[in-house]
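Please examine the model shown here together with its sequence. The report concerns how its parts pack against one another.

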Amino acid sequence: MITARNLTKHFHDKKRGLIPAVEDVSFTCQPGRIYGLLGANGAGKTTTLRMLATLIQPTSGTATVAGHDVVADPVKVRAHVGFLAASTALYGRLTAREMIAYFGQLHDMDDAAIAARIRFLADELDMHEFLDRRCDKFSTGMKQKTSIARTLIHDPAVMIFDEPTLGLDVMTARAIVRFVRQCRDRGRTVIYSTHVMSEVEKLCDVIGIIHAGRLVAEGTLPQLQERYAETDMEEIFVKAVGGEAALAAALETKEGRV
Amino acid sequence: MNWRHILTVFLKELKDSLRDRRTLISMIVIPTLVMPGLMFGAGAIMAKVMKKARSEATSLVILGGADSPGVVAALRAEPQFRVVESRTDFRELISNKQIRLAVEIPAGFEAALQAGEPQTVTLYHYESEMKSGLGVSAVEGFFRNLREKTVTERLAGRGLPASLVKPFEVRRENVAPPEKVGGNIIGGVIPYLIIIMCFTGAMYPAIDLTAGEKERGTMETLLCSPVRRVNIVLGKFFMVMTASVTTMVLSLVSMGLSVVVGGSMLGASAAKSAQAAAGGKAAGVIPFIDPAGILGVFAMVLPVAVLFAAVLLAVALFAKSYKEAQSYVSPLIIVIIMPAVLGMLPGIELTAKTALVPILNLSLVCKEMLSGVWHWQYIALIFGSTTLYAGVALAFCVRMFNREDVIFRA
């Protein structure tokens, strides 16, 4: 379970001054459901998810993730979270097994538990063939599988995905989507950010539309369709953010935001 | 602090680094092979050049001297001089290194010598040019002999004893054992080498473990683990320390071996010439360095290694990419070399003030320790102050790791 309460993050930039990256964002993600955070580039998705994963601290507001407060108890939050982003890479000089085991050790698991868990994950993800090869020689698909195994080594209750299909080929992207569904079906709390409309439509139980750092709309797909009197997700999105002009203006000013 | 996490991070970084060819080259290959090779290679070339310059006849031009045929003939007769035909553009010839120097013999030199009038012989040379310098000393030697000969003749002519102009002799006697002399010479170079190796050994892994991780995108992966940043920093820090100390120890060992091997070779050749000279002291003593001195140097280097590792980690962490980190770190080498070189200079002594200057103090105290002098108060002061600097640097490094604007610098 994730409960974000008035999450706010401001960055200081020498040239541009104070940048409000995320402004007063509140939402709840339930176990066994996928919460989709939809937004254009620079809308504040990554910043929000990084706050939930305790990689960065909120300027104000807070969130409870898997029962722990992100500000008061970030280490405990991380112990129950699996974080997978396009920016979380693998150590090229380690083998897949070493990579996964390293994170098991960092999660204070003992060697027997790590070995058993790796065996289980390798079965699940069909990784046995390349488990003892070095990650720098992997194909994109192999890398993604290893990354997934890395996020799952400690069997986290909450999964945070930050644009995990970014730059992937269709096959790998589909595998990721399938895997995210499995997480939900196993009762995990899942939050998934993307700017791809079709992914949201297919995958997410609840959709939050984030624009210029603010959560501008939230609901299930039917609820949003009803509210904006549109069936197409893209149309809903454009209406929710205040029209194409607003979207273009936001993209221009937010260029380069984290 | 969680030592289990620190150890986990350290062991992973160690494994990762040992699989990296670039780290292996900077940590193992360069110190063991390249450094001594470079030093001895350069030394051998220098010695060869010097030997050649010495054995070559000094080419010179004689200006004037038409009315002093005796001196000119004596100069020409010397096998170590090669007299070139006199030319008016001698200055240019010296500058172009076609001749080493020009000797100007004043008009009526020999006549004035007979009459006992004072004379001045002028040597035109090229200051700071090695061959010209060698030529000047050779020609000066020639004229010194001539002067002494003249003095002796004059004294004899007046029936006076030679001791009149030389009432007493000054003799030097060395009390320092030959190995201590070696210790002093090497003691000046070793601290400098240690400081440089300590720094360069830490440089590569420090960049790889911070900016390198950022560039490859693994920093964010690591930060999502439930490990406190301080433990990550310390794990990485111990890896950088390990690389730094390994580089230093390996380079010292290989240098030491080369000195022993080179020294015994020198000793063997010196023994031969000593036999020939019958009873001459062996000149090729292997420079001896007090083992306690070496241990002392290691102890004193440790806080400096901590300081280097922490500063390098903090600076490199700030960079977004490997390249950027290199451009921040490279100028630091100059900052390190300056005080290290200063410590090798003769006039700079260990005082309460210099003992507080990082790196310089290490350079100075190591020189003392290696020649067997132990200033305990200074040693304590230097160790204490450097530990303090190192502690501050490490705290700064941890602080940098906790700054999200540094970690996620876009």
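This is a predicted model: local features need pLDDT of at least 70, side-chain atom pairs count only at pLDDT 80 or more; totals for chains, interfaces and linings use all residues.

Residues are numbered from 1 along each chain as its sequence is written, chains are lettered from A and ligands numbered from 1 in the order in which they are written, and side-chain values use heavy atoms, with hydrogens and water left out.

**Interface of chains A and B**

The size of an interface is often given as the accessible area lost when the parts come together. Between chain B and chain A, the buried area (accessible area, 1.4 Å probe, that two parts lose on being put together, summed over both) is about 2,800 Å², and carbon and sulfur atoms give 53% of it. B:R19, B:E220 and B:P226 supply 22% of the area that chain B buries against chain A, more than any other three residues. In terms of contact (heavy atoms within 4.5 Å), 26 residues of chain B meet 29 residues of chain A. The two chains are joined by seven salt bridges, a salt bridge being a side-chain nitrogen of Lys or Arg within 4 Å of a carboxyl oxygen of Asp or Glu. B:E404 forms a salt bridge with A:K9, and their closest N and O atoms are 2.2 Å apart.

**Helix packing**

Helices (H or I, at least four residues) and strands (E, at least two) are DSSP runs, numbered from the N terminus. Axes are lines fitted to C-alpha atoms, for helices over the stretch in contact, and angles run from 0 to 180 degrees between N-to-C directions.

| Helix pair | Axis distance | Angle |
|---|---|---|
| α3(A) (residues 96-106) and α5(A) (residues 140-152) | within 8 Å | roughly 25 degrees |
| α12(B) (residues 322-344) and α13(B) (residues 360-370) | 7 Å | about 30 degrees |
| α11(B) (residues 291-318) and α12(B) | within 8 Å | roughly 150 degrees |

With an angle of roughly 25 degrees, α3(A) is roughly parallel to α5(A); angles under 35 degrees count as roughly parallel, over 145 as roughly antiparallel, 65 to 115 as roughly perpendicular and the rest as oblique. The contact involves A:A96, A:M99, A:I100 and A:F103 of α3(A) and A:T146, A:A149 and A:R150 of α5(A). These residues divide into five nonpolar, one polar and one charged, where Ala, Val, Leu, Ile, Met, Phe, Trp, Tyr, Cys and Pro count as nonpolar, Asp, Glu, Lys and Arg as charged, and the others, Gly among them, as polar.

In chain B, the angle of about 30 degrees makes α12(B) roughly parallel to α13(B). Their contact is made by B:P339, B:A340, B:L342, B:G343 and B:M344 of α12(B) and B:L360, B:S363, B:L364 and B:K367 of α13(B). Six of these residues are nonpolar, two polar and one charged.

Helices α11(B) and α12(B) are roughly antiparallel to each other. Residues in their contact include B:F308 and B:V311 of α11(B) and B:Y328 and B:L332 of α12(B). The contact of α11(B) with α12(B) has eleven nonpolar, no polar and no charged residues.

**A strand residue in chain A**

A:T3 lies in strand β1 (residues 2-13) of chain A. Leaving aside neighbours within four places in sequence, A:T3 is in contact with A:F27, A:T28, A:T62, A:A63 and A:T64. A:T3 and A:D69 are 66 residues apart in sequence, with their C-alpha atoms 9.4 Å apart in space.
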